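I opened a new notebook page for this structure. My entries follow in the order I looked things up.

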Amino acid sequence: MTPTHATNVRPEGMTGPQAGLGFRHCLTVVAALLVWLAIVSPVQAEVTPQRAQALLQALDTDDFDAKAEAAQAIAASDAAQKTRWLEALLDGRLGRERRGERFYIITDDSGREWPIIDAITFEEAGTGSRRSVDAFRINNALRTQLQGLIASLSLDEGDEATRLEAAKRLIGEVDAQSVDTVAAQLDDEESPAVRAELETALALYRVEQGDAAALETLRGNLDTRVRNSLATIAAGDAPIAAEAGETLAGIESKRAWYERGQTLFFGLSAGSVLVLAAIGLAITFGVMGVINMAHGELIMMGAYTTWMIQQLLPGQPGLALLLAIPGGFLVAAAFGILIERSVIRFLKGRPLETLLATFGISLILQQLVRTVFSPLNRRVASPDWLQGAWQINEALSLTLNRLGVLLFCLVVFAALWALMRYTRLGLEVRAVTQNRAMARSMGVRAARVDMLTFGLGAGVAGLAGVALSQITNVGPNLGQSYIVDSFLVVVFGGVGNLWGTLVAGMSLGVINQVLQPWVGAVLAKVIVLIGVILFIQKRPQGLFAPKGRTS
Amino acid sequence: MSLATMFKRNSLLDERSTWITSVVLIVGMLAVVVLHALPTDHAWHLNGSVVSLLGKYLTYMLLALAVDLIWGYLGILSLGHGAFFALGGYAMGLYLTAQQAPLAPWQAVMAHFPVAALAVILAPGLLALVFGWLAFRSRVTGVYFSIITQALTFALMLAFNRNEMAMGGSTGLTRFDELLGFALAGEGMTVALFVASGVAVLLAFWGCKAVTRSRLGRVCMATRDAEARVRFIGYRVEHVKLAVFVLSAMIAGVAGALYVPQVGIINPSTFAPLFSIEVVVWVALGGRATLYGALLGALVVNYLKTVLTGVMPDAWLFLLGGLFVVVTMFLPQGVAGLMAHLRRRREVTA
């Protein structure tokens, strides 16, 4: 039962006297559901106003120990309002009228005049202020206790998610007074997830009391609070310190594994960005031998296409993103074909000149975006299904947008590989790569193949842009920040080899992530760059060298 | 063969372009100094900021010379020559800051001018030696070399951005007071730095010309045109490349060292790949493998940049980008090539 239900339903149902409603015991979860139903119907589990008054009266003391007992009594009572009372007390919004005996809950204490409701009937009672209502004060010990009480109260009520949340809050909050209640709740609980949390909470309490057997339950538990209390126990001189230390070591090593998993995931996701950015280059540079310095700007075009489609479809980021995948591909491919037709084909066989000309194009495209849109960065919204994280356990959570990019990268790679391997275009591209003259004499239209290959590489760059828009801001400098990395990935992987690009991109991403905690992000990147430079000196043909005379 | 023709053939100044360039440089320099010395209310008076700007152009011309030496004559396209320029600049910047308060204890040694002057030449030279030795030994050529030089300057940019380097982080080194005991802010210093830059350009121009006309230069050009053939004849191509690459890096370092006191700041953006590639377009526009083309290209492009970024900043990148495309597609030999072509046509028609 949440307080909202009470306020919403009560005004009509409770205007009459509540005296005749009688008692009802409802501690079990099933009964709690009945209570929830009961709120909707006029029948209501209730204590008499006098009893309620007495329960609240007990809180009206300056002695915090007495207050704690009173809170305990409220939690143990049958009063239907008890959760609301304890929550109000925790927030410092439960108080007594200065001249009189009525108790109020302050619904909003932001202004000078507070709207207040009667604490027993929940009827609106006008306004109060600092002068007319004395709010009960609590201290830290009481706060902790209240949180535990509220958590165990919400265990009785609400759906599974609420109970799970409550059970999680109980870890480390169980004390001598609440241990029996929690144990009883554990017996009544049916959901395995909630049971597991309750067992952890109980076991942690028992371990703190010196019960070595309960350590077994905590073995491998990843909760931070469990780890912290075990660390305290292991550092102390309790009889079970050694055993606690052992369990702690087990937990630590398990956590370490999950952290390695997390690093690997981050590395792979960073690597997948590199692969996406570089795979288009692997086609144009690797297969055609064309240095396209404007590749980064083609990525930027894809990202801006995503942004534009999102502007056209406000409020539907998911649909916009799905449309942007073909959209980004087509826009970037069109630009790519334009560049190939207008500049690159005239510079065939002059790689250094191609490099300079395409660099010029990249500057023009950058400035074009600055002039047409704005020099400022644009934020592209993520759809709901790419927001947040997939929490696998306490130590391992995977950000959904990065996971999405990783999967997208693999799909794009697989599609490209299949295209190169199984389609006629792929066959022609490979033929032209291996021996241009021979391919032409066999009837392959090499110039058309060049154009389509370049368009394909550019289109894939556009796809990379669509993916990048989900993890970073879209701006005119987006492309520049990836161009150096992308070329290194292609060269590192071995020119003309899609698999090499995949392996190189992923491994650079992972190496970077592994180095980061030790030396920091910038130095990690510098080390990776220098490492690749040295690697290229040692093995100029890259990780996977193409075989045969073409190399 | 008469003594006169022998002298003519072996003299540096026998080529028309060389002596024209030398004369233009000397006359231009003298003109600037004289015009600056005119009274301030005179219509033709050049004020200090213009002299300083021209001095900056001269250091860029020196850098372009260094790039042309290896790109034009050796066929090595370095997209990271800004790194050597910046290293020389940082060495000078360290000397200037060490005068007042060094950023780290080890930098105190840079307060001595001979040490600093040595560092200006040795820091870029050593980097070029190590990098070039690794690259040329394993025969990294063409676009691969270009890409790794770009990666090198990019890595250095990231590194110099770190505050742990004690190089001023992303702000770089600035707020210089005096050079060799003279205040940097004075008009006299502006002219002195301008003249020093001009003399450096002239000496480097003659030096590069001498190198390209020597046996070494001939091997260089042969390497550019047919590397494998030169190797088969018996030359150690990697040694030739390394020597000229290191020389070029040192010239770039000197250019950086002259640039810093005139501009008053050196920061990691000098390491940016964009700057290095801009230098290449200066050379491409002027004309590769002519040396004077590099000087001309650096001057023209930078003058355009100064004018355009002032008048219409948006147009500058369009123009620069357009220059890259137009020059590579329609002017493969640059302005120098165009002039030679026109002259030949005139001679034919005449």
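Entry 1, ground rules. I take the bend at a residue as the angle between axes fitted to the seven residues ending there and the seven starting there. Helices (H or I, at least four residues) and strands (E, at least two) are DSSP runs, numbered from the N terminus. This is a predicted model: local features need pLDDT of at least 70, side-chain atom pairs count only at pLDDT 80 or more, and totals for chains, interfaces and linings use all residues. Residues are numbered from 1 along each chain as its sequence is written, while chains are lettered from A and ligands numbered from 1 in the order in which they are written.

I looked up α5(B), residues 113-137. I found a kink of about 30° there, centred on B:A119. I then checked its length, taking the expected span as 1.5 Å times one less than the number of residues. The 25 residues should span 36 Å, and the end C-alpha atoms are 35 Å apart, which agrees. After α5(B) comes B:R139, with a positive phi near 55°.

I call a residue buried if 20 or more other C-beta atoms lie within 10 Å of its own, exposed if 12 or fewer, and partly exposed in between; C-beta atoms are placed from the backbone. The buried residues of α5(B) include B:A119, B:P124 and B:F131. What covers them? Among the covering elements are α22 (521-538) of chain A and α4 (81-98) of chain B. Contact here has its own cut-off: C-beta atoms, placed from the backbone, within 7 Å.

I see 34 residues of chain A in contact with 38 residues of chain B. Which helix gives the largest share of chain A's side? It is α15(A), with 14 residues. By class, that side has 26 nonpolar, five polar and three charged residues. Ala, Val, Leu, Ile, Met, Phe, Trp, Tyr, Cys and Pro count as nonpolar, Asp, Glu, Lys and Arg as charged, and the others, Gly among them, as polar.

Entry 4, two strands of chain A. Four bridges join β6(A) to β7(A), residues 396-399, and the two run antiparallel. Strands pair if DSSP finds at least two bridges between them. I noted that A:A389 has A:T399 as its bridge partner.

A:A241 sits in α12(A), residues 241-287. A:A241 is partly exposed, with 15 other C-beta atoms within 10 Å.

Technical notes
Two residues are in contact if their C-beta atoms, placed from the backbone, lie within 7 Å.
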